[in-house]
Amino acid sequence: MFTLALLLYRKAGTSTQEYQTYWHDVHGPIAAKIPGLKGYVQLHGQPDAEGNLPVDGIAQLTFDSEDAMKAGFGSPEGKAALDDVANFADTSRLVSVPVNPRTIV
């Protein structure tokens, strides 16, 4: 398995609610169509006690392999998902990290 984690920050002028609603209700179904995608989790950031939100969200996308991920993102559906990110997130701050999840519980 190959998992990619994306740290996401909302687009300037977008409220947290607008960002989370668009990401879940609009972008989610677009991304779910990426060929070869085995799992897609959205982790929506929540402010701490002082109201700080260090990251607006983390996306976790899982594929069978890195090659499967590259093929998925290279497809028309993958390109549509990548293009849509600019509609809700600040793409200049997007951070992608290949990860190796280890489940404890």
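Let's start at V99: with a relative accessibility of 34%, V99 counts as partly exposed, a label for anything between buried (under 20% relative accessible area) and exposed (over 50%), using a 1.4 Å probe and protein chains only. You're looking at a predicted model, where local features need pLDDT of at least 70, side-chain atom pairs count only at pLDDT 80 or more, and totals for chains, interfaces and linings use all residues. Residues are numbered from 1 along each chain as its sequence is written, and side-chain values use heavy atoms, with hydrogens and water left out.

V99 sits in strand β4, residues 95-99; strands here are DSSP runs of E with at least two residues, helices are runs of H or I with at least four, and both are numbered from the N terminus. Together with V95 and V97, V99 makes a nonpolar surface patch with about 180 Å² of accessible area in total. Members of a patch have over 30% relative accessible area and no salt bridge, and nonpolar side chains (Val, Leu, Ile, Met, Phe, Trp, Tyr) are joined within 5 Å, like charges within 9 Å. A salt bridge would be a side-chain nitrogen of Lys or Arg within 4 Å of a carboxyl oxygen of Asp or Glu. The areas come from the Shrake-Rupley method with a 1.4 Å probe, and for residues only the protein chains shown count as cover.

Now for the sheet. It is open, with four strands in the order β2-β3-β1-β4 and antiparallel pairing, where a pair needs at least two DSSP bridges. On average, neighbouring strands are turned by 20° against each other, direction ignored. Between β2 and β3 (residues 57-63), which run antiparallel, there are seven bridges, and Q42 stands opposite A59 in β3.

Also in β3 is G57, which is buried because its relative accessible area is 1%. Beyond neighbours within four places in sequence, G57 has contacts (heavy atoms within 4.5 Å) with residues including L6, W23 and L43.

Helix α1, residues 16-31, lies across β1 (2-8), β2 and β3, running at about 175° to β2; axes are lines fitted to C-alpha atoms, for helices over the stretch in contact, and angles run from 0 to 180 degrees between N-to-C directions. In this helix you'll find H27, which counts as buried at 6% relative accessibility. Leaving out neighbours within four places in sequence, H27 touches Y22, Y40, A81, D84, V85 and F88.
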